Amino acid sequence: MKFFRFLGFKKKPNAPWSKYYHKKDMDLFVPDISLYEHFLNRMKNYPDRNAFDYFGTKTTYSDLVKKIDLCAKAFLSYGIRKNDVVTICMPNTPEGIISFLALNKIGAISNMVHPLASENEIKNDLNETGSVMMVLIDIDYEKIKNIINDTEVYKVIVVRASDSMPFFMKLGYNLTVGLKTELPRKNSKYIYWEEFMKNASTYQNDYHYVGKKNTPAVMLHSGGSTGTPKAIVLSNGNFVTLVEQSQIVFDELEVGDKCLSIMPIFHGFGLGVCVYTPLCVGAECILIPQFKADEFDKILTKYRPEFVIGVPTLFEAMMKSERADKLKLNYIKYIISGGDTLSLSLEKRINTFLSDHGSSTRIVQGYGMSECLAAICLGFKNILEYGSIGVPFPGCYIGIFSPEDKEMPYGEEGEICISGPNVMLGYYNNEKETNAALHIHDDGNVWLHSGDLGVMNKNGFIKYTGRLKRLIICSGYNVYPVQIEELLETHPAVMQATVVGIPHPYKQQVPKAFIVLNKGYKENDSLLQELKKLVEKNLPKYSKIYEYEFRKSLPKTMVGKVDFRRLQEENNRKRREENHEKKKI
């Protein structure tokens with residue numbers, strides 16, 4: 001498949017935000033190397049610093065490089081070569097990150113998959129990307145055993161969550177969670193991490209791969225322009241660009257600062273912003289494989305990270321914690337909200353909370369999408385623009401365009417489009433979807449159409465105003481209504497299903513399904529339970545439907561399409577009326 005390659009701008013787009021950067025920053029230089037080589041070149045300046053902290057087990061940068069080298073040889077010993085696709089289905093553990101960097105070292109491609117995805121979703125991801133090997137967290141074996149023989153995967157490397165834990169924690173984990181986890185027997189299909197790494201000694205050949213910035217490195221999964229899941233192909237240059245930009249934007253970060261790596265590595269936000277970039281600037285990544293929002297304050301108190309990145313849900317929980325009054329936050333240099341919209345009222349409350357708890361910084365909102373490694377725009381902590389998602393990173397350009405690809409005047413709403421070295425290579429084996437997302441505009445540049453609406457002011461600050469796509473973002477996770485609707489309509493009782501996002505106090509939005517039944521079927525508890533089980537088996541947990549409403553018909557627009565806005569408005573009006581009646585009582 002042909003991919004888009006970023007070869008520079010035909011004509012430099014407008015950049016009213018350039019006054020906030022030096023000219024050399026705007027002319028961003030991106031080295032023509034692989035993401036692994038970029039990491040290796042940088043870590044030589046701080047080999048004895050800690051790269052990871054995983055429940056108290058620390059790994060220095062020099063030790064990390066040794067483990068990456070062993071892992072690379074182990075992959076080669078099992079037949080992995082340049083351009084092979086290996087799926088990493090892992091939470092934030094050292095093994096997942098070591099695998100990601102080792103695969104890049106040998107020129108292979110990492111396909112990052114959500115461990116909470118359903119077995120059918122995982123099977124589809126494996127087949128669509130042509131994955132031949134898999135690095136799997138042990139708790140997912142129960143799903144994988146049912147579908148692995150329907151894929152091209154010939155070897156599964158099983159990682160226990162406890163593999164890198166301190167001794168006593170590992171012992172406790174294995175005697176509790178470990179005993180409840182079904183594990184595979186070692187055979188030709190499955191091998192455990194420790195044994196896999198030992199096989200590195202069997203590979204003695206030269207394996208040095210010289211990667212380039214425009215070659216594929218990673219696949220992430222998103223909905224594309226239609227809401228249908230797609231494999232996004234990101235280049236080495238996308239990752240290297242993010243590091244170079246971050247060095248400019250986060251100029252107060254120092255070698256040895258701690259980054260709270262709480263966002264998952266199967267998401268661009270987690271992999272690019274919370275792990276890869278901190279490693280390339282000498283920070284210590286505090287790896288959190290699984291957490292509860294109500295424990296966020298404990299994590300902050302224990303680790304005292306200078307760099308905190310999360311979704312709005314986390315910060316809401318932090319302020320509502322029973323221990324909130326005792327929090328001291330004077331150590332935080334940067335606190336960033338991304339992955340979901342940060343409301344103006346929440347932004348102000350968080351900043352007041354930070355100030356009241358000793359912090360001299362303020363929260364800033366970022367914007368991005370997986371198609372450009374999740375981060376392209378960020379607010380300045382020293383320039384107050386409440387309600388703004390900030391300005392583009394240096395070297396990246398954002399424009400507000402009409403449906404005809406014409407740039408809108410300042411202050412007028414249009415689609416947010418992105419151009420520059422952050423933009424993906426394309427969607428894997430999907431030229432139609434790639435062409436729908438990447439357009440060549442009149443300036444000769446390729447622009448990524450986000451499907452989001454926004455407004456830019458004369459200083460280049462952007463305000464996000466809504467979605468063109470029917471995407472629901474639930475606690476930072478993308479939920480695709482079309483995917484849920486198609487699944488519900490496979491049930492014989494369902495004639496039509498429409499899913500919309502409704503407000504939720506913590507998750508921002510959650511799915512609600514409006515269902516029209518076929519003749520001969522009636523609404524009852526038995527049918528409702530069948531639909532719930534159908535969703536539970538085939539979709540990830542974050543796609544759970546929070547409300548079902550059965551109707552005889554659904555409202556339509558003048559052209560005969562389901563009127564989604566009207567459904568949402570009716571739902572919101574009904575909620576307001578119910579709350580009003582409660583207040584009366």
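User: In what order do the nine strands of the open sheet lie?

Analyst: Strands of a sheet pair through backbone hydrogen bonds, either parallel or antiparallel. In this predicted model, the order across the open sheet of nine strands is β2-β1-β11-β10-β12-β13-β14-β15-β16, with mixed pairing. Strands β2 (57-60) and β16 (391-392) are the edge strands, each of them pairing on one side only. Here strands (E, at least two residues) and helices (H or I, at least four) are DSSP runs numbered from the N terminus, and two strands count as paired if DSSP finds at least two bridges between them. The model is a prediction in which local features need pLDDT of at least 70 and side-chain atom pairs count only at pLDDT 80 or more, while totals for chains, interfaces and linings use all residues. Residues are numbered from 1 along each chain as its sequence is written, and side-chain values use heavy atoms, with hydrogens and water left out.

User: How many bridges join β10 to β11?

Analyst: Strand β10 (residues 258-261) and strand β11 (residues 284-287) run parallel and are joined by four bridges, and Leu260 stands opposite Ile286 in β11.

User: Which residues of β6 are buried on each side of the strand?

Analyst: In a regular strand the side chains alternate between the two faces of the sheet. For strand β6, Lys155, Ile157 and Val159 lie on one side and Val156 and Val158 on the other, and all are buried, where buried means under 20% relative accessible area, exposed over 50% and partly exposed in between (1.4 Å probe, protein chains only). Because five of the five residues of β6 (residues 155-159) are buried, this strand is largely enclosed by the rest of the structure. Strand β5 (residues 133-137) runs parallel to β6 and is joined to it by five bridges, with Leu136 opposite Val158.

User: Which way do the residues of β4 point?

Analyst: From strand β4 (residues 109-112), Ile109 and Asn111 point one way and Ser110 and Met112 the other way, and all are buried. Strand β3 (residues 85-89) pairs with β4 in the parallel sense over four bridges, and Val85 has Ile109 as its bridge partner.

User: Is Tyr54 buried or exposed?

Analyst: Tyr54, which lies in strand β1 (residues 50-54), is buried, with a relative accessible area of 1%. The C-alpha atoms of Tyr54 and Pro166 are separated by 8.5 Å, although these residues are 112 apart along the chain.

User: How many cavities of 30 Å³ or more are there, and which residues are closest to the centre of the largest cavity?

Analyst: Rolling a probe the size of a water molecule over the atoms shows where empty space is left. On a 1 Å grid over the protein atoms alone, a cavity is a set of points where a 1.4 Å probe fits but cannot get out, whereas a pocket is an open set with protein on both sides within 12 Å along at least five of seven lines, and lining residues have an atom within 4 Å of a point. Grid points are joined across faces, edges and corners, and a volume is the space filled by probe spheres set on the points. The count comes to three cavities of 30 Å³ or more, and the largest cavity has a volume of about 590 Å³. Of the 41 residues that line the largest cavity, Gly339, Tyr367, Gly368, Met369 and Ile473 are the closest to its centre. Strand β14 gives the largest share of that lining, three residues.
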